[in-house]
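Please open the model in a viewer and follow the selections below in order. Each stop names what to select and then describes what is found there.

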Amino acid sequence: MLYDLVRWEEKAIYQAAKRKGVDLKLINCRRLHFDLSKDHLEEIGDITLQRCVSYFRGLHLAGLLESKGIDVVNDFHSTLIAGNKLFTTLALIKAQLPVPRTMLSFTPEASLDALDELGYPAVLKPTVGSWGRLVSLLNDRDSAVSVFEHREQMFPLYRVYYLQEKVNRPPRDIRSFVIGDRVVAAIYRISQSSDFRTNTARGGKAENCTIDKELEDISLKAARAIGDGIYGVDIMESPEGLVVHEVNNTIEFKNTVPATGVDIQGLIIEHLLQRSK
Ligand SMILES: Nc1ncnc2c1ncn2[C@@H]1O[C@H](COP(=O)(O)OP(=O)(O)O)[C@@H](O)[C@H]1O
Ligand SMILES: [Mg+2]
């Protein structure tokens, strides 16, 4: 298991491996350097669970390890797609999954035109990011102009404008967990404040969500639109039915395990064992 920071999840995965008698080697990628000309990276092993908090670290690691013949969970391509909301939305649309209406533009002027079509309130998101960071509610044209002005002062990535209709949903959304071919758990994330973002990282409360056929179906299809492996699928209950707004690559589940009683860490180890056979 490659990591850059030990969270609750990395400890839980390590404990689960120990319980199952699996010799899981923990590798802190912050301490490593790699000679690209080497054919083999003996220190890594045949299969690696990539658990970096940093998307860019994880992505570059996956690219390197895969090119040296190591099976990386999740693989480079899936990491690339799931780590970027634009690429994810495009993959979901291609797979004919329902998504919130979304627009892409590259300047404040074009973004205001996009919002005229989309209507207010709308949501602006960075294409790369998590925990609800910089996911902004644009209530009207004035707030849009002001947020865009800030965005223009930022790194080029933030001058890519990913704009979405604000879905008229209850004050909660759904996170489902896909491991291999199974939806193993799902939670509602319920807003506890006036913040429209339901992320548990922002205080959203986790409650068990029953996995019915519809939720199972949409979660599996969304994961498959990205690739094989382990995913967290973000879903909203719109007036027209379920819509998928994100597929996450390196999942966090410290609130989900107590809410659902599902041993997600154990299932991750089982998945790796199955894959390594
Ligand atoms: N289009 C939308 N309409 C309403 N709420 C949204 C919309 N998009 C995101 N949200 C809220 O903001 C949260 C964070 O958005 P998300 O796209 O999942 O980004 P992140 O990667 O930061 O989690 C979501 O969990 C949801 O509560
Ligand atoms: Mg999310």
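Begin by selecting helix α1 (residues 8-19) together with helix α9 (residues 264-276); in this predicted model, the two helices pack at an angle of about 60°, and their axes are 8 Å apart. Because angles from 65 to 115 degrees would count as roughly perpendicular and those under 35 as roughly parallel, α1 is oblique to α9. The crossing of α1 and α9 is right-handed.

Next, display the side chains where these helices touch. On α1, select Ala 12, Ile 13, Ala 16 and Ala 17; they meet Gln 265, Gly 266, Ile 268 and Ile 269 of α9. By class, this contact of α1 with α9 comprises six nonpolar and two polar residues, with no charged residue.

Now colour the chain by domain: domain 1 covers 2-81, domain 2 covers 102-165 and domain 3 covers 168-276. Select domain 1 and domain 3, whose C-alpha centres lie 22 Å apart. Here 23 residues of domain 1 are in contact with 17 residues of domain 3. On the domain 1 side, the elements giving two or more residues are α1, β3 (47-49), β4 (71-73) and α3 (76-82). Which element gives the most to this side of domain 1? It is α1, with six residues. The residues on the side of domain 1 that touches domain 3 divide into 11 nonpolar, five polar and seven charged.

Move on to ligand 1 and select the 21 residues around it; Gln 164, Val 167, Arg 197, Thr 198 and Glu 246 come nearest. Strands β6 (122-125), β8 (161-165) and β13 (241-248) each supply at least two residues of the shell around ligand 1. Its classes are six nonpolar, seven polar and eight charged residues. Why does ligand 1 lie between domain 2 and domain 3? Both domains give residues to the shell around ligand 1, so the ligand lies between them.

The last stops concern the backbone. Most residues other than glycine have a negative phi, and most peptide bonds are trans. Select Val 73 and Asn 74: the peptide bond from Val 73 to Asn 74 is cis, with omega near 0°, and Asn 74 is placed in the loop between β4 and α3. Then select Tyr 120 and Pro 121, which are joined by a cis peptide bond with omega near -5°; Pro 121 lies in the loop between α5 (108-118) and β6. Finish at Gln 96, in the loop between α4 (85-94) and β5 (102-105). Although Gln 96 is not a glycine, its phi is positive, at about 60°.

Notes:
Residues numbered from 1 in each chain as written. Chains lettered and ligands numbered in written order. Predicted model: local features only at pLDDT ≥ 70, side-chain atom pairs only at ≥ 80, totals over all residues. Near = placed C-beta within 6 Å. Helix = DSSP H or I, 4+ residues; strand = E, 2+ residues; numbered from the N terminus. Nonpolar A, V, L, I, M, F, W, Y, C, P; charged D, E, K, R; others polar. Domains from an automatic or database assignment. Axes fitted to C-alpha atoms, helices over the stretch in contact; angles between N-to-C directions. Parallel < 35°, antiparallel > 145°, perpendicular 65-115°, else oblique. Left-handed = near helix turned anticlockwise from the far one by under 90°. Contact = placed C-beta atoms within 7 Å.
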